[in-house]
Amino acid sequence: MTRRPALAAAATALALLTGCAGTAPSDAGAPASGAPSASSAATTAPEASVAAPSTPAGRVLEVRISGGRVTGDTGRVPVALGEQVTLTVTSDAADELHVHGYDRAAGLVPGTPATVRFPADVPGVFEVELHETGTVLLSLQVG
Ligand SMILES: [Cu+2]
């Protein structure tokens with residue numbers, strides 16, 4: 001609130017445009033070719049999950065935002081390449097969650113946990129941020 005709202009809004013709008021477009025990996029064409037195999041893997045998933053109950057969720061990350069304060073799995077979080085990531089975010093304010101690079105988004109409803117799940121199949125460091133406040137919750141370090 002110490003900064004001018006108009007400036008903050010402009011900066012956020014800019015971040016929406018440059019941040020999101022800019023973080024789209026240039027090799028986005030590569031994962032597209034892998035999509036068919038991913039869907040076929042999902043088809044066989046039910047039987048596999050029954051056979052291997054010891055790995056139900058892969059990497060589980062949890063972040064909470066309260067009064068603008070971020071707690072939980074913050075900072076740089078190392079994730080093994082190919083590991084299933086389950087990220088649950090609970091905020092006391094409405095916002096939009098965005099996982100850069102993987103381009104996963106979820107609307108945050110105050111007090112209601114929002115979960116995004118995806119396989120960490122692209123190596124690199126990707127920020128997870130909130131679009132309304134521009135807060136970076138954590139950085140996924142995949143590799
Ligand atoms: Cu974003």
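The four donor atoms around the copper ion subtend angles of 83 to 167°, which makes the arrangement square planar; four donors receive this label if opposite donors are over 155 degrees apart and all others between 65 and 115. The protein donors are His98 (ND1), His100 (NE2), Glu129 (OE) and His131 (NE2), and they lie 2.0 to 2.4 Å from the copper ion. Donors are N, O and S atoms within 2.8 Å of the metal (3.2 Å for Na, K and Ca); water is not among the atoms, so sites may look incomplete. Along the chain, the donors of the copper ion follow the spacing H-x1-H-x28-E-x1-H.

The model is predicted, so that local features need pLDDT of at least 70 and side-chain atom pairs count only at pLDDT 80 or more, while totals for chains, interfaces and linings use all residues. Residues are numbered from 1 along each chain as its sequence is written, and side-chain values use heavy atoms, with hydrogens and water left out.

The protein chain contains three helices and nine strands, where helices (H or I, at least four residues) and strands (E, at least two) are DSSP runs numbered from the N terminus. Read along the sequence, the pattern is α-α-α-β-β-β-β-β-β-β-β-β. Of the 143 residues of the protein chain, 25% count as buried; buried means under 20% relative accessible area, exposed over 50%, and partly exposed in between (1.4 Å probe, protein chains only). Among contacts in the protein chain with a separation of 6 or more, 60% come from residues 24 or more positions apart, a contact being heavy atoms within 4.5 Å.

S5 (residues 95–99) runs antiparallel to strand S6 (residues 104–108), and five bridges join them; two strands pair if DSSP finds at least two bridges between them. Within this pairing, Glu96 has Gly107 as its bridge partner in S6, and Leu97 has Ala106. S5 and S6 form a hairpin with four residues between them, and Gly101 in the turn has a positive phi of about 80°. S5 is also joined to S8 by three bridges, again in antiparallel fashion. In this second pairing, His98 stands opposite Glu129 in S8; both residues are donors of the copper ion.

Asp95 also belongs to strand S5. Its relative accessible area is 9%, which means that Asp95 is buried. Leaving aside neighbours within four places in sequence, Asp95 is in contact with Ala106, Gly107, Leu108, Leu130, His131, Glu132 and Thr133. Among these contacts, His131 is a donor of the copper ion.

The nonpolar interior can be considered next. A nonpolar core is a set of buried Ala, Val, Leu, Ile, Met, Phe, Trp, Tyr and Cys residues joined through side-chain atoms within 4.5 Å. The largest one has 25 residues, of which Leu87, Leu97, Leu137 and Leu140 touch the most other members. Two or more residues come from each of S1, strand S3 (75–79), strand S4 (84–91), S5, S6, strand S7 (114–119), strand S8 (124–130) and strand S9 (136–142). S9 gives the most to this core, with four residues. Leu87, not counting residues up to four places away in sequence, touches Leu61, Val63, Leu97, Val99, Ala114, Thr115, Val116, Val128 and Leu138.

An open sheet of four strands has the order S2-S1-S4-S7, with mixed pairing. Strand S2 (69–72) and S7 stand at the edges, each with a single partner strand, so one side of each lacks a neighbour in the sheet. On average, neighbouring strands of this sheet are turned by 20° against each other, direction ignored. S1 and S2 run antiparallel and are joined by four bridges, and Arg64 has Thr71 as its bridge partner in S2.

Val60 lies in strand S1 (residues 59–66). Because its relative accessible area is 46%, Val60 is partly exposed. Not counting residues up to four places away in sequence, Val60 touches Asp73 and Thr86. Val60 and Asp73 are 13 residues apart in sequence, with 9.4 Å between them in space, C-alpha to C-alpha.

Methods:
Tetrahedral: all angles 85-135°; square planar, octahedral: opposite > 155°, others 65-115°. Axes fitted to C-alpha atoms, helices over the stretch in contact; angles between N-to-C directions.
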